[in-house]
Amino acid sequence: MARENIIELIRQRAHPEAVALMEGEESQTYGDLLSASAELAIAIRAQLGPVSDLRVRRVGVHHKSGGDYIALALGILEAGGCFVPIPEELAPAEKRELCERTSLDAVLCEPGFVAEWLPNGRPVRIELGGFAFDWHRLDAGNSELPEAEFASLNPAFVRFSSGTTGRSKGVVLSHTSLRERITAANTGLKIGPEDRVLWVLPMAHHFAVSIILYLYHGATTILSEGPVGGDLLDAAIGAEATVMYGSPFHFRQLTGSACDREWSSLRLAVSTAAALDSATASSFERRFGRPLVQGFGIIEAGLPFLNLAAPSSQPESIGQLLDGYEAKLRPLAPSPDKTVGELCLRGPGLFDAYLDPWQLRKTVVGDDGWFATGDLATCDSDGNWFVCGRLKSIINVGGMKVFAEEVERVLSEHPGVQRSLVSGQPHAVFGEVPVATYIPVDGPLRLAELKQHCRQHLSAFKVPLIFTAAEKLPTTASGKLRRVTPCVSESILSNRTAST
């Protein structure tokens, strides 16, 4: 029996003459895109050798976001390979580690790209019409993966989690799980052939539940040349974009744009990748007449939440469960607050395995199928869910719980603060106390000013004891704050200037 392949499913559903991609003045139909994918698949198979049921080849892509990136990814999948994105912003040592942990067979790069983190050797230049890329072959002979078990999953995609509180995990998704999660997500998004989706996120981090979803449901993806602000708004209006899926940063840029044109074609704006603050949500709705809908995406589970019910009145809520998903709170013990617990999920499209160390899904979720996300959440009487923070980011102040993310959200509302990171520091009396590092807008702020701002919005025990100005904060490759232990925090802060 033939194995399911997500690209074949897209081909079966696609209208060849419909526009799949728009990039500047150029457009590409589904027929052209899928023909390119088929040609690439032939070339990739020729390099990889025969497809085997005992070992699925892993192929990395290190390429700038755009139409070529999409074609390469589709070609790998159609060739029966497993697609592994390599984010461009990773440090060379991190890229090398990703290749080693995944036991990659090859990496595809832009022509002429010098990848000092790859083994020495001359890459193979592959040219198909106007399309070209360099094929770097790697020695994957030292793989410690249980290859037959990995192959039995029919893997399509491996992406590493953010690693906000420790070593990132390689998350394996099969073709079937990929189809299940994009189908489940679209019960809320309702994307179809009439939609034109404005693309603003890095493809190495947002591909499986974004680009694949848009293609599967026949939409047009608009690849904007303008990254932020007025250029992005001009692109959206000019292409008559109906949907935008971006981060709060992108929506703040749009709101602050000097362009005064109306975006009348917009029907859905989804905020993801970071917590949405009420100020950004309100500004966007006032400017464009559409609410910002917060979504909760997680690489292990897809998009189980979308705030369609109350985006205007409860903008900071991740919303309600989409069809097919279940959620529950695992109690924190001991904790006096019984309304907050660890968010656990069950539903379609859960990940198939962790790559390193190797763990099948059933080993992680157990017989009952509940996946513990590590996120702390609460649910109100109307069924609206809210994420309070990460389990590992709780600061225990004399037995009282402080969520670092809550304090950071308050600090971000101060006009003199660009971004902040709150962590726990050991204390002889209270056990831990919160301390804050922040990036100022125009130089360090007075300690009294920051404390007063926090006291207006937070209980006294949540107010940071120390505020330190910094030029940058530790982040993951995807831009999320990296949570570090107090001893690491102290070393990071040692060369920074504390506010007075």
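Buried means under 20% relative accessible area, exposed means over 50%, and partly exposed is in between, with a 1.4 Å probe and protein chains only. Keep that handy for the exercises.

This is a predicted model, where local features need pLDDT of at least 70, side-chain atom pairs count only at pLDDT 80 or more, and totals for chains, interfaces and linings use all residues. Residues are numbered from 1 along each chain as its sequence is written, and side-chain values use heavy atoms, with hydrogens and water left out.

**Exercise 1: ring pairs**

Work out how the rings of F296 and F305 pair, and how those of F351 and F371 do.

Solution. 
- Step 1: get the rule. Rings of Phe, Tyr and Trp (its six-membered ring) pair if their centres lie within 6.5 Å; planes under 30 degrees apart are stacked, over 60 edge-to-face, and the rest tilted. The structure holds 14 such aromatic pairs.
- Step 2: now F351 and F371. With centres 5.5 Å apart and planes at 65 degrees, this pair is edge-to-face.
- Step 3: Strands (E, at least two residues) and helices (H or I, at least four) are DSSP runs, numbered from the N terminus. F351 lies in the loop between β18 (341-346) and β19 (353-354), and F371 in strand β21 (residues 371-379), so the pair ties together parts that are 20 residues apart in sequence. Both F351 and F371 are buried.
- Step 4: look for a cluster. Ring pairs link Y69, F83, F157 and F207 into one.

**Exercise 2: charges over rings**

Find which rings R13 and R58 sit over.

Solution. 
- Step 1: the test is that NZ of Lys or CZ of Arg is within 6 Å of the ring centre and within 35 degrees of the ring normal.
- Step 2: R13 lies over the face of Y216, 3.9 Å from the ring centre.
- Step 3: the charged end of R58 sits over the ring of F150, at 4.9 Å from its centre.

**Exercise 3: helix α2**

Check whether the length of helix α2 agrees with its number of residues.

Solution. 
- Step 1: the expected span is 1.5 Å times one less than the number of residues.
- Step 2: α2 (residues 30-48) has 19 residues and should span 27 Å; its end C-alpha atoms are 26 Å apart, which agrees.
- Step 3: look at the buried residues of α2, among them Y30, L33, L34 and S37.
- Step 4: see what follows. Just after α2, G49 takes a positive phi of about 95 degrees.

**Exercise 4: strands**

Describe the open sheet of nine strands and the hairpin of β25 and β26.

Solution. 
- Step 1: two strands pair if DSSP finds at least two bridges between them.
- Step 2: the sheet runs β2-β1-β11-β10-β12-β13-β14-β15-β16, with mixed pairing. β2 (26-29) and β16 (320-321) are at the edges with a single partner strand each, so one side of each has no neighbour in the sheet.
- Step 3: zoom in on a pair. β14 (residues 292-298) and β15 (residues 302-306) run antiparallel and are joined by three bridges; I298 stands opposite G302 in β15.
- Step 4: on to the hairpin. β25 (residues 417-427) and β26 (residues 431-440) pair in the antiparallel sense over ten bridges, with three residues between them. R419 has I439 in β26 as its bridge partner.
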